[in-house]
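Me: I would like to learn how to read the features of a protein model, one at a time. May we begin with the burial of a charged side chain and the partner beside it?

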Amino acid sequence: MHDRFPDFRLGKVLATSFTATLTERRGDAVERIPVPQRLVDWLGVSGLAVESCTTAQLELAKALRESIHAVLTAAASGEVLPAAAVQVINDCSAQCRAAAILTPEGNRQWRLSSASCVEDALGVIAADAISIVAGERDGKLALCASPTCRAAFFDTSQSRSRKWCEMNTCGNRQKKARFNAGKRL
């Protein structure tokens, strides 16, 4: 990984982890995949290893990321899904030639059509977003309660009542702000 870039926010849900490559969307936005190699790094740690990425593929990835974010936000808010964003997700999913394979340990792993096929990796991410919005997974789609974040996340907690995309970042920041506000009174 490159030390000069912010750490990735990795979760258990591929599509929402991918949207977290741009954080603090309503504050001082933090871009975590600003260059093609950084997308290669993220895909690698997410189980979708590719050898290389072009600038055009990075732009496609960012368009998919923003489309997934728009669709997940609309779905979590009970709003109509934005047609243009749905089209980007569908196009990426339809172009995918990745295959799910079973490991000897009983886990699912993705095999891309070639070692440098970013489009296949993006197709896997798009398919994951589709499964979330279509209600095919056990959990609840929600938006982070942080006013500067508002990231979409998939809540699989038993109570389905999580407020923060990540407790270690947004949750702690909000709790600290409430604590400090109470001390000033």
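Reply: Let us start with Arg65, which counts as buried because its relative accessibility is 3%. Buried means under 20% relative accessible area, exposed means over 50%, and partly exposed lies in between (1.4 Å probe, protein chains only). The model is predicted, so local features need pLDDT of at least 70 and side-chain atom pairs count only at pLDDT 80 or more, while totals for chains, interfaces and linings use all residues. Residues are numbered from 1 along each chain as its sequence is written, and side-chain values use heavy atoms, with hydrogens and water left out.

Me: With which residue does Arg65 form a salt bridge?

Reply: Side chains of opposite charge can pair when their charged atoms come close. A salt bridge is a side-chain nitrogen of Lys or Arg within 4 Å of a carboxyl oxygen of Asp or Glu. Here Arg65 is bridged to Glu31, with 2.8 Å between the closest N and O atoms. The two come from distant parts of the chain, 34 residues apart: Arg65 belongs to helix H3 (residues 55–77) and Glu31 to strand S2 (residues 30–31). Helices (H or I, at least four residues) and strands (E, at least two) are DSSP runs, numbered from the N terminus. Glu31 counts as partly exposed because its relative accessibility is 24%. Arg25, Glu31, Arg65 and Glu66 are linked in a network of salt bridges.

Me: How many salt bridges does a search of the whole structure find?

Reply: The search finds seven. One of them joins the side chains of Arg38 and Asp41, at 3.9 Å from N to O. An α-helix has 3.6 residues a turn, so residues three or four places apart point the same way. Arg38 and Asp41 are three residues apart in helix H2 (residues 36–45), about one turn of the helix. Arg38 counts as buried because its relative accessibility is 2%, and Asp41 counts as buried because its value is 13%.

Me: Is Arg97 buried or exposed, and what is its partner in a salt bridge?

Reply: The partner of Arg97 is Asp120, with the closest N and O atoms 3.9 Å apart. This pair also links distant parts of the chain, 23 residues apart: Arg97 is in the loop between helix H4 (83–94) and strand S3 (99–102), and Asp120 is in helix H5 (residues 118–133). Arg97 is exposed, with a relative accessible area of 57%, whereas Asp120 is buried, at 0%.

Me: Which buried residue has no salt bridge although Glu31 is its nearest side chain of opposite charge?

Reply: That residue is Lys62, and Glu31 is 4.1 Å away from it. For such a search, Lys and Arg count as positive and Asp and Glu as negative; His and the chain ends are not counted. Lys62 is placed in helix H3. Contact means heavy atoms within 4.5 Å. Leaving aside neighbours within four places in sequence, Lys62 is in contact with Glu31, Ile33 and Pro34.

Me: What is the largest nonpolar core, and which elements give residues to it?

Reply: In soluble globular proteins, nonpolar side chains tend to be buried together. A nonpolar core is a set of buried Ala, Val, Leu, Ile, Met, Phe, Trp, Tyr and Cys residues joined through side-chain atoms within 4.5 Å. The largest has 36 residues, and those with the most contacts inside it are Phe18, Leu39, Leu43, Leu64, Ile68 and Ile125. Two or more residues each come from H1, H2, H3, H4, H5, strand S5 (140–143) and strand S6 (152–155). H5 gives the largest share, eight residues. Apart from this core lies another, of eight residues, among them Ala142, Phe153, Trp164 and Cys170.
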